[in-house]
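Welcome! Try each one before reading its solution.

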Amino acid sequence: MDAVSISIPTIEFPKSDAIIQTLPNGLQVILKTDRSAPVASIQAWCRTGSIFEGPLLGSGVSHLVEHMVFKGAGNRNTAGIAQDVQKEGGYINAYTSFDRTVYWIDTPSTGVKTAIDVVASLVAKATFPEDEFEREKDVIRREIDMGKDDPGREASRLMFSTVFQKHPYREPVIGHLDVFNSVTHSQMVNYYQTHYIPNNVFFVIVGDVDKQEVMETVAAAYEGIERRAYEPVIVTPEPMQLGRREVHETFDTQLTKLCLGWRIPGLTHPDMPALDVLASVLGSGRSSRLFREIREEQSLVHSIGAFSYTPAEEGIFAVSADLDPEKAEATRAAVLAQLDRIKNDGISAAELGKALRMSLSDQLDTLTTMRGQAGDIGGNWLSAGNLDFTREYVLGLSHVRPEDVQAVAQKYLVDRTLTVTSLNPRRTASSVTAAATSSRTGDIARTTLSNGLTLLTLEDMRLPLVTFYANFRGGLLSETAATSGLGKLHARTMLKGTESRTAEEIHLAIEEAGGSIGASSGGSSLGLALEVLQPDTLLALDILADILLLPSFPEKEVTREKEALIAGIKAQEDQLVQVAFRELRGALFPAIHPFHLPPSGTEDSVAALERPLLPEFHAEHIRGGNGVISVFGAIRAEEMRDQIEEALAAMPTGERRVTSPEILAATGPVEREIAVTRDDKRQAVLAIAFPAPELVSPNRFALDLIDEACSDMASRIFVRIREELGLAYYVSATQMLGMAPGAFVFYLGTSPEQLAQAESVLLDEIDKLSQHGLTSEELHRAQMQSIGKQTIQNQSNASLARQVALDELYGLGLNAHKQLTERILAVTEADILRAAQSVFLPEKRVVVRVRP
């Protein structure tokens, strides 16, 4: 094969700059100081997960322990754990996987000592109260039922259990219900005492921290906890696969989920860079071969992608697709034909260059937050024993050549080791045969361009990334019952071509630049977002301008995206929370109100949308006076202002769209109670909603704090319903927000047998909120949590660019995020009570019950 010229960015991936210190008891502490934001991430990585459960394999005891440690640790009970974190403005969570259990807290840097103490108590001093054991097992039983109601999870389970016949990867992390039911309290405690020992745990701490203080705090938290002997669990290796495997199951769903998989080696194998490039070329992005050929050209699938799952041991290379059942055979044949093309003809230098840029961009993107950096370091240490493995892996990727990709396709993606699984609708039941030390400089600059467009810029040289976010008023506010779904269809088709570029050329150019592009449509706005590596900033701007000014909305693409949108609407029927919220919208809001409409439309309304509506909709909304564009990252603000002015000079002016007085005056509810029966599901969902004011209401911050206080593990609702009574797996609150009046919603998932009691208790808690508001302690916790969440979120330029653009678009101002702390702290208990009493009115309440 002739030598090829591959264009990749001349950007050196940053070193981790982390150090390791080990306490006398064997506990390793990995530290990295990053003062680019006043935030830290504290993570404890336990070297155990579902594949290390030994005689309890398949029981989910690892996941059970992860739940139970939050029932008490050290001198804290459940509420105390959450409350201590929230008082510092932090956020706590955990997850269990095949080979790890990780507990983490993201916190403002002032809360680092508390965060370390809390995390250490979870992994070293859990109390496992016996009176909580059966109650928490009931909660996990609801979670198991939720998984069995989710076609995506079931499709994943089916693939793993078919590819692996002996290796513990075949067992679900959460466990099998019958085996889980047999786990005793003493077995759980013994598992914790055996695996959660200092010499089998390591901490990763990244952020605005002092290393000496951190080590002193960790040492104090582990005082008196000694190293212990540990007998490694022997994991059964998977024997060689000697022939094709196929398993096909039916499920209560409307689309077929097809998966083709092959076993591949683990993360550190020298073939992995080439296999990852192969996955990217096949199925990453809209310019990938599978998306372009099988979705766009042949219209066989609604979605398709390829991935390589690579833990420390062996993994899976897979192609997955969602499709109409009758197209399954053709889809499988088309996928295998694409693989044969690569085996026979290889890939192009352009495809390789695009894959390398996308990988570099993805890896850099993980470094934009403290949690991302800590997760990268922790994963490197656990799986490879090398803090800089990601950097070396990226270097290895740069050495991959087209012939390497062709060779791994020929070596691993063979018929003998192919596994085919599918989940099919029951009604058809047919089986298918870089380390940067600089930080953000200056403030956000605001400029009004000659066409009325508002431009916001922020210089941030920490990483060589640039984010563009263009946002315009619209969304559901611009739809009617006859045009319901038009905003979503516009967002999907806006990227499908311009007068000078095809959809393939748009996505190929962005993905070759290692970037990403996406369009969106929400309740009150529509947006276009791009992120690229800094050397390709002008390319991204040129494509942004082309899409905003000259979209073509090709008829063929519109037809295809309508089909995909309808398929997505059908898929929502598998998610009971989605079903409940759809019914809420129809009952809570009058027909004139935009939130009365489902966000994606209905099957009938989308089917009726015609192509000429799209350019009309686009011309009506994409106007300078109606929009805001933010450009954040490795830029020079003055240069960018001139470049944007020139690139978007042809954009029409126009006025900013406003919410009509009729919509602002529209009141509900239309119906008070709705019952939905779904005999194909095992769980029940309850949603209780109240009309609430628009985004600019004086009660906004008080309602946000009530939302915060009702949406976490320390909330009185969570503690009473889930922890004390064991009536639900999840219980939370949320809001429908926008430029029109919205809703405040409480919701939970439970068993059908417990639905009535759960509803009674939830209504009682809502009444208490209306009568008494929040306590001073609850208010303070919610304030700290809200402020901390904002601080953590604003580490990422992509998140900040979006938030600031929306704030400016909605009339809140570009500095609203800076004023948020002051305005949140200004909310009093009296403000909370006044807001609760104005919203949680029994006569305005809507209740939706979804159950078998």
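## Exercise 1: Two helices in contact

In this predicted model, H63, L64, H67 and M68 of α1 make contact with E132, F133, E136, K137, I140 and E143 of α4. Work out what kinds of residue form this contact and how the two helices are oriented.

**Solution.** 
- Start with the classes: the contact of α1 with α4 is made of four nonpolar, two polar and four charged residues.
- Next, look at the axes. Those of α1 (residues 61–68) and α4 (residues 130–149) come within 10 Å and cross at roughly 120°.
- Angles of 65 to 115 degrees count as roughly perpendicular and those over 145 as roughly antiparallel; α1 and α4 are therefore oblique to each other.
- Finally, the handedness: the crossing of α1 past α4 is right-handed.

## Exercise 2: One face of a helix

Find the buried residues of helix α15 and decide how they are arranged around its axis.

**Solution.** 
- Helix α15 spans residues 402–412, and its buried residues are P402, V405, Q406, V408, A409 and Y412.
- Viewed down the axis of α15, these buried residues lie within an arc of 165°, so they line one face of the helix.
- Their packing partners are β10 (256–264), α9 (272–283), α11 (328–345) and α12 (349–366).

Note on methods:
Residues are numbered from 1 along each chain as its sequence is written. This is a predicted model: local features need pLDDT of at least 70, side-chain atom pairs count only at pLDDT 80 or more; totals for chains, interfaces and linings use all residues. Side-chain values use heavy atoms; hydrogens and water are left out. Axes are lines fitted to C-alpha atoms, for helices over the stretch in contact, and angles run from 0 to 180 degrees between N-to-C directions. Helices (H or I, at least four residues) and strands (E, at least two) are DSSP runs, numbered from the N terminus. Angles under 35 degrees count as roughly parallel, over 145 as roughly antiparallel, 65 to 115 as roughly perpendicular and the rest as oblique. A crossing is left-handed if the near helix is turned anticlockwise from the far one by less than a right angle, and right-handed if clockwise. Contact means heavy atoms within 4.5 Å. Ala, Val, Leu, Ile, Met, Phe, Trp, Tyr, Cys and Pro count as nonpolar, Asp, Glu, Lys and Arg as charged, and the others, Gly among them, as polar. Buried means under 20% relative accessible area, exposed over 50%, partly exposed in between (1.4 Å probe, protein chains only). The arc is that of the directions from the helix axis to the C-beta atoms.
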